[in-house]
Amino acid sequence: MSKDKFVTIESSAVPLPIENVDTDQIIPARFLKATTREGFGENLFRDWRFDKKDQPKPDFILNNDIYSGEILVAAKNFGSGSSREHAAWAIHDYGFKVVVSSFFADIFKNNALNNGLLPVQISEIFLSKIFDAVEKDPSTQLKVDLENQEIILLSNGEKESFEINSYKKECLMNGYDDIDYLLNIKDKIEQFEQNRV
Amino acid sequence: MAGKTLFDKIWDAHVVDEIKGGPSVLYIDKHLIHEVTSPQAFAGIENRGISVFRPQNTVATPDHNVPTIDQHLPIKDQLSRFQVNKLTENCEKHGITLYGLSHPFSGIVHVIGPQLGITQPGMTMVCGDSHTSTHGAFGSVAFGIGTSEVEMVLATQCILQPKPKRMRINVEGTLSKGVTAKDIILYIIAKITASGGTGYFIEFAGSAIRSLSMEGRMTVCNMSIESGARGGMIAPDETTFEYMKGREFAPKGEGFDAAIEKWKQLKTDEDAVFDAELNYDAADIAPMITYGTNPGMGVKVSSNIPNENEIEQSNLATFQKALKYMGFEAGDDIIGKEVDYVFVGSCTNGRIEDLREVANFVKGRKKADNITAWIVPGSKQVEKQANEEGITEILEAAGFKLRQPGCSACLAMNDDKIPEGKLAVSTSNRNFEGRQGPGAKTMLASPLTAAAVAVTGKIIDPRTLLK
Ligand code: SF4
């Protein structure tokens with residue numbers, strides 16, 4: 001089943017300078033009761049975003065109108081904890097296409113890649129430069145170029161390259177997914193099963 | 001050629017294919033599913049117009065979202081009921097074995113797998129739940145996956161997976177009295193931090209690990225994921241084989257003897273090299289407890305919350321944010337803090353041995369008046385055994401009440417929520433903000449420590465009350 005192709009993104013960014021953001025914060029368990037993939041964006045960062053009366057908390061970044069864009073920039077160890085893919089769905093559903101951090105939890109990284117959400121891992125130094133730039137000027141533009149594996153701070157042209165395995169890169173750029181790939185090698189899988197017994 | 005690690009042996013034996021510059025195609029022996037992370041995967045394969053490839057290799061049970069009282073009645077919460085019904089429907093449609101709520105084999109996925117002998121040494125196992133690492137205690141490669149990967153397994157019995165690096169953690173020596181498997185793993189995570197294991201698959205070894213029961217080993221492997229690791233494992237040995245004997249789905253008779261011969265080969269070669277290796281001394285480990293909002297923020301129960309100058313500069317913001325949430329001050333004593341709730345349960349510590357340990361401790365004692373104590377067995381079989389062994393009676397006499405099996409307050413998807421602002425000592429695995437209910441505060445500890453807290457109403461080092 002093809003997904004949207006990932007194209008180069010130029011956008012302002014939403015900064016979330018909090019470390020160890022776990023998947024329970026991204027989407028609390030009580031919102032996991034749905035049986036479809038849609039609509040999780042509404043409850044993204046629910047308990048940080050809304051108070052007990054469901055009123056937006058003015059001090060949380062997503063409620064601050066001066067920040068917007070398709071890129072979420074987070075501090076280190078993003079997405080730790082539960083394997084819930086709902087975390088990646090929620091971020092994507094909210095409208096983000098890229099999450100930038102200096103360190104990602106393994107399962108989150110896989111889940112993001114499987115849903116057209118690009119995790120961009122960069123150095124602590126470049127991360128703090130981005131935080132500084134966005135803080136000074138919330139309209140600061142970032143460019144994420146998947147083909148050349150680069151993230152660029154457009155205000156001064158500073159850039160850093162990021163890693164992604166070539167298979168996943170191709171999938172994202174072409175909108176393929178892993179299941180298509182696996183279904184295509186079903187013969188090999190059956191062969192493997194036979195060789196084992 | 002250098003020898004192979006246990007992890008490599010199992011992984012390599014399951015590689016169907018390698019993608020250049022990409023992940024491996026890994027064959028999965030056993031797939032466990034539950035109601036929360038599977039519906040979208042079933043919808044996915046139906047959208048593709050395909051059926052489940054090997055339905056006999058998947059086993060299902062509802063656990064995350066189920067009530068822990070009145071399980072014989074229809075589930076009250078409409079969304080939960082819908083999710084559980086959806087699982088039943090999907091399993092029926094695709095010919096997958098389901099242990100529904102009323103089935104004597106039902107319970108938390110990671111409790112029933114080992115208990116029924118579904119989990120076996122040398123297997124690859126996955127489940128849409130990060131604590132799938134639990135099954136590694138049997139010398140299997142077991143890890144949590146996301147829903148897209150659940151769909152891959154349903155469709156092809158394989159997933160695409162980059163191979164993790166290997167780490168070995170050796171714990172040598174003898175544990176002192178009152179120190180349990182939970183304390184070992186909380187100690188390790190406190191040392192390596194909540195992200196120190198990221199990118200690795202951990203093998204636990206050493207005499208202190210070998211001395212643990214299967215239940216204890218499961219607790220250690222269960223929480224390996226809380227260090228960020230992909231999973232944890234322990235080589236199978238006599239303790240493992242003894243545990244496997246006579247289990248419902250374990251090989252029987254001659255088949256069992258043959259299996260043991262095969263399982264005995266499952267160990268790391270002497271000359272194998274790990275990407276990282278750590279050594280700890282069992283004598284340094286004491287009863288542990290967490291004070292913050294990730295499982296790496298743990299200390300000895302008998303010590304204080306660290307002072308700011310003991311925290312690395314780069315972690316200071318996390319530390320301050322966590323203390324603010326918990327309502328604690330840097331440098332505070334931990335012992336003596338008043339507690340409101342005690343939760344004994346979850347796939348970390350909801351097995352029969354855990355309930356036994358709590359019952360042993362509270363026998364002839366009473367819970368403190370300020371404590372609400374929930375004891376939630378990990379499965380129907382654990383519940384039954386607790387009744388048969390008289391554990392239920394002992395706990396009730398002490399003022400505790402046993403609820404029915406499920407994940408319960410471990411993730412608070414059902415009604416078992418710790419109220420806002422209340423402090424809970426929990427035998428589960430995560431102390432994230434709001435994990436046990438919005439605004440709830442969680443301190444993770446062993447069942448023994450939790451039992452001691454329940455009877456005194458305050459944080460206490462359980463060793464001071466051991467006879
Ligand atoms: S008990 Fe907790 S950690 Fe274990 S499977 Fe259930 S929710 Fe996950």
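This is a predicted model: local features need pLDDT of at least 70, side-chain atom pairs count only at pLDDT 80 or more; totals for chains, interfaces and linings use all residues.
Let me begin with Met173(A), which lies in helix H6 of chain A, residues 166-174, where helices (H or I, at least four residues) and strands (E, at least two) are DSSP runs numbered from the N terminus. Residues are numbered from 1 along each chain as its sequence is written, chains are lettered from A and ligands numbered from 1 in the order in which they are written, and side-chain values use heavy atoms, with hydrogens and water left out.

Met173(A) has a relative accessible area of 26% and is therefore partly exposed; on this scale buried means under 20% relative accessible area, exposed means over 50%, and partly exposed is in between, with a 1.4 Å probe and protein chains only. Leaving aside neighbours within four places in sequence, Met173(A) is in contact with Lys5(A), Phe6(A), Leu146(A) and Glu147(A), contact meaning heavy atoms within 4.5 Å.

Phe6(A) and Met173(A) are 167 residues apart in sequence, yet their C-alpha atoms are 4.9 Å apart in space. For Ser11(A) and Met173(A), the separation is 162 residues in sequence and 18 Å in space, again C-alpha to C-alpha. Not counting residues up to four places away in sequence, Phe6(A) also touches Lys97(A), Val98(A), Gly116(A), Leu118(A), Leu146(A) and Leu172(A).

Helix H3 (residues 86-94) and helix H4 (residues 106-113) of chain A pack at an angle of about 50°, with their axes 8 Å apart; the axes are lines fitted to C-alpha atoms, for helices over the stretch in contact, and angles run from 0 to 180 degrees between N-to-C directions. H3(A) and H4(A) are therefore oblique to each other, given that angles under 35 degrees count as roughly parallel, over 145 as roughly antiparallel, 65 to 115 as roughly perpendicular and the rest as oblique. H3(A) passes H4(A) in a right-handed crossing, a crossing being right-handed if the near helix is turned clockwise from the far one by less than a right angle, and left-handed if anticlockwise. Ala87(A), Ala88(A) and Ile91(A) of H3(A) make this contact with Phe108(A), Asn111(A) and Ala112(A) of H4(A). By class, there are 5 nonpolar, 1 polar and no charged residues in it, where Ala, Val, Leu, Ile, Met, Phe, Trp, Tyr, Cys and Pro count as nonpolar, Asp, Glu, Lys and Arg as charged, and the others, Gly among them, as polar.

What do the buried residues of H3(A) pack against? They pack against helix H1 (23-26), strand S4 (98-101) and H4 of chain A, together with H2 and helix H5 (147-156) of chain B. The buried residues in H3(A) are His86(A), Ala87(A), Ala88(A), Trp89(A), Ala90(A) and Ile91(A), and H3(A) is followed by Gly95(A), whose phi is positive, near 125°.

In chain B, H2(B) and H5(B) pack at an angle of about 50°, with their axes 8 Å apart, which makes H2(B) oblique to H5(B). H2(B) passes H5(B) in a right-handed crossing, and the contact has 6 nonpolar, 3 polar and 1 charged residues. Against helix H3 (residues 78-94) of chain B, the axis of H2(B) (residues 39-47) comes within 10 Å and crosses at roughly 40°, which makes H2(B) oblique to H3(B). H2(B) passes H3(B) in a left-handed crossing, and that contact has 3 nonpolar, 2 polar and 3 charged residues.

Finally, the aromatic rings. The structure holds 20 aromatic pairs over all chains, counting rings of Phe, Tyr and Trp (its six-membered ring) whose centres lie within 6.5 Å, with planes under 30 degrees apart as stacked, over 60 as edge-to-face and the rest as tilted. Tyr94(A) and Phe96(A) have ring centres 5.4 Å apart and planes at 20°, so the pair is stacked; Tyr94(A) is partly exposed at 32% relative accessibility, whereas Phe96(A) is buried at 0%. Tyr99(B) and Phe105(B), with centres 5.3 Å apart and planes at 80°, are edge-to-face. Ring pairs also link Phe45(A), Trp48(A) and Phe60(A) into a cluster.
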